[in-house]
Amino acid sequence: MKKIKYSIAILGAFILATSVLFSCSDDFAQEAPKYSIDSENFFNSEQDYYNGLVGVYDALQYSYVNVILGEIASDNTLCGGESATDVVGWQQVDDMIHTPVNSNLHDIWNWMFAGVQRANYFMEFKDKIDFDGRLSMIGEVQFLRAYYYFELVKWFGPVPLKVDGRFELGDETSIPRSSVEEVYAQIEADLLAAIDVLPDVPEQTGRVTRGAARALLGKVYLFQDKFTEAANVLEQVITSGNYSLVSDYDEIFEMAGENGVESVFEVQYTDVEGAGFECLQCSEGNVAVGFSGVRGYDGPLFSSGFSFNVPTQEAVDQFEPGDLRKDVAILDIEAWAESEGASYTTGFEHTGYFNRKYLPRKRSADAQGDLNLTNPNNYRAIRYADVLLMAAEANNRGGISDTKAQEYISEVRRRAFGDTNHDVSLTGAALTDAIYHERRVELMGEGHHFFDLVRTGRAADEIEGFVAGKHEVFPIPLEEIQFSNGNWSQNPNY
């Protein structure tokens, strides 16, 4: 593992450790020495910049909680677990009774701001020296900062915004929560700058490209109902020729399908460095995978887990007859156990279904530590199918071209059914509903559905307990409100 130890100035309100262990995994990671450094003796060589870049990437691994909790918040899954008091913060979000005192929501706040802080540290010294490839590195950092801020604005709405340097002690009492519009404007600016300098093909597996920046920008536009802008930039991803749908949907979520032609942006994980419950964010593995695993499982292909994030019958029923994606997205554990001779135990809110895309697979002999916490499954943060469906939605909802929208959604469905008999010829509002449905089944289990419901105004009708005017965003952690000494107000109705 590449490890870089920084000693950095920290904003106390964000609770970032003063000595942060930076690491990254898979191909974008090589052995490197540890450093105990400050800004006066760092960023003096190309290797220093590379090490700093790895540190910014590393915070992506913390986003496992965004994915699993985002899925639990939607109507796709129930929280599950061992009992009603197993990970109480997740249970509260599932039931839409969460409050500003929720350690799991606080993790998202802390860890995404850790990513912002690392990016800002790099950007403070981006011009200290020059070397070939420096501008591309800066573009990667701008993409990553945009990604972390996008997660923050999705979850919490207005957030403190700083881009000209690191957050420092005292900023929490003087820097306001910037409006959603201001945060999105900064995200757009970072992504547009990144597009200008990023390569079309990554230097190393796992590093971001121009296509990833365009796809994320398209998503950011779509979240703001900027349909023309979204359609234009997503069209550039589609026509670039750099991405395509793989023929076998199942291949995407196996190890052999990682970083393939359908992957636009993928978070890298590995299982060769162990972790424990005392520091889940220290794991090099995808923690969400173990939490989604079948409790007490003994059998082929999979390994056991903690039985969280269990799909509901209503979600399973969204798949049409003949949809090949169903058996990839959903594991019917009773049918599987009968056919494969597997055994398992049931957990809380057992539905009989599991999120098969991100179930823990049996691993290599090199796997370390608690295997429930070190799963090597990469997270496919933006897939080409997502790009096609976003482009379909932008063209349809923006009144730009229902013909293009039909083309893009039909391309996704041809793979799903293995024929052209399920192409879509609907128009107008009926086409909009078809796109919404297609996004749900295509991206089932991938952490997008809650935010799709919120941004399209459908959440209150679909999610039990969801209160309009409140649950579109999550509460600012109480400690952060207290640290700000009255500078930050709480989100409405919390």
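**Entry 1: H7 and H8**

I started with H7 and H8, and their crossing is left-handed. (A crossing gets that label if the near helix is turned anticlockwise from the far one by less than a right angle, and clockwise makes it right-handed.) The model is a predicted one, where local features need pLDDT of at least 70, side-chain atom pairs count only at pLDDT 80 or more, and totals for chains, interfaces and linings use all residues. Residues are numbered from 1 along each chain as its sequence is written, and side-chain values use heavy atoms, with hydrogens and water left out.

I found H7 and helix H8 (residues 227–239) packed at about 160°, with axes 8 Å apart. Axes here are lines fitted to C-alpha atoms, for helices over the stretch in contact, and angles run from 0 to 180 degrees between N-to-C directions. Helices (H or I, at least four residues) and strands (E, at least two) are DSSP runs, numbered from the N terminus. H7 and H8 are therefore roughly antiparallel to each other. (The cut-offs: under 35 degrees is roughly parallel, over 145 roughly antiparallel, 65 to 115 roughly perpendicular, and the rest oblique.)

Next I checked who touches whom, contact being heavy atoms within 4.5 Å. On the H7 side I noted Gly211, Arg214 and Tyr221, among others, and on the H8 side Phe227, Glu229 and Val237 are included. The contact of H7 with H8 divides into nine nonpolar, three polar and two charged residues. (Ala, Val, Leu, Ile, Met, Phe, Trp, Tyr, Cys and Pro count as nonpolar, Asp, Glu, Lys and Arg as charged, and the others, Gly among them, as polar.)

**Entry 2: H4 and H5**

How far apart are the axes of H4 and H5? I got 9 Å for helix H4 (residues 103–124) and helix H5 (residues 134–156), at an angle of about 155°. That makes H4 roughly antiparallel to H5. H4 passes H5 in a left-handed crossing. Among the residues that meet are Trp109, Phe113 and Phe122 in H4, and Tyr148, Tyr149 and Trp155 in H5. By class I wrote down 17 nonpolar, three polar and two charged residues for this contact of H4 with H5.

**Entry 3: H13 and H15**

I looked up helix H13 (residues 384–397) and helix H15 (residues 428–442) too: their angle is about 165°, and their axes are 10 Å apart. H13 and H15 are therefore roughly antiparallel to each other. H13 passes H15 in a left-handed crossing. The contact includes Asp386, Glu393 and Arg397 of H13, plus Glu438, Arg439 and Glu442 of H15. I noted seven nonpolar, three polar and six charged residues in the contact of H13 with H15.

**Entry 4: the cavities**

How many cavities of 30 Å³ or more are there? I got eight. On a 1 Å grid over the protein atoms alone, a cavity is a set of points where a 1.4 Å probe fits but cannot get out, and lining residues have an atom within 4 Å of a point. Grid points are joined across faces, edges and corners, and a volume is the space filled by probe spheres set on the points.

The largest cavity holds about 160 Å³. It has 16 lining residues, and Tyr147, Glu151, Lys154, Tyr379 and His448 are the closest to its centre. H5 gives the most to this lining of the largest cavity, four residues.

The second largest cavity has a volume of about 100 Å³. Of its 14 lining residues, Val67, Ile68, Ala288, Tyr358 and Gly445 are the closest to the centre. Here H2 gives the most to the lining of the second largest cavity, with four residues.

Terms used: On a 1 Å grid over the protein atoms alone, a cavity is a set of points where a 1.4 Å probe fits but cannot get out, and a pocket is an open set with protein on both sides within 12 Å along at least five of seven lines; lining residues have an atom within 4 Å of a point.
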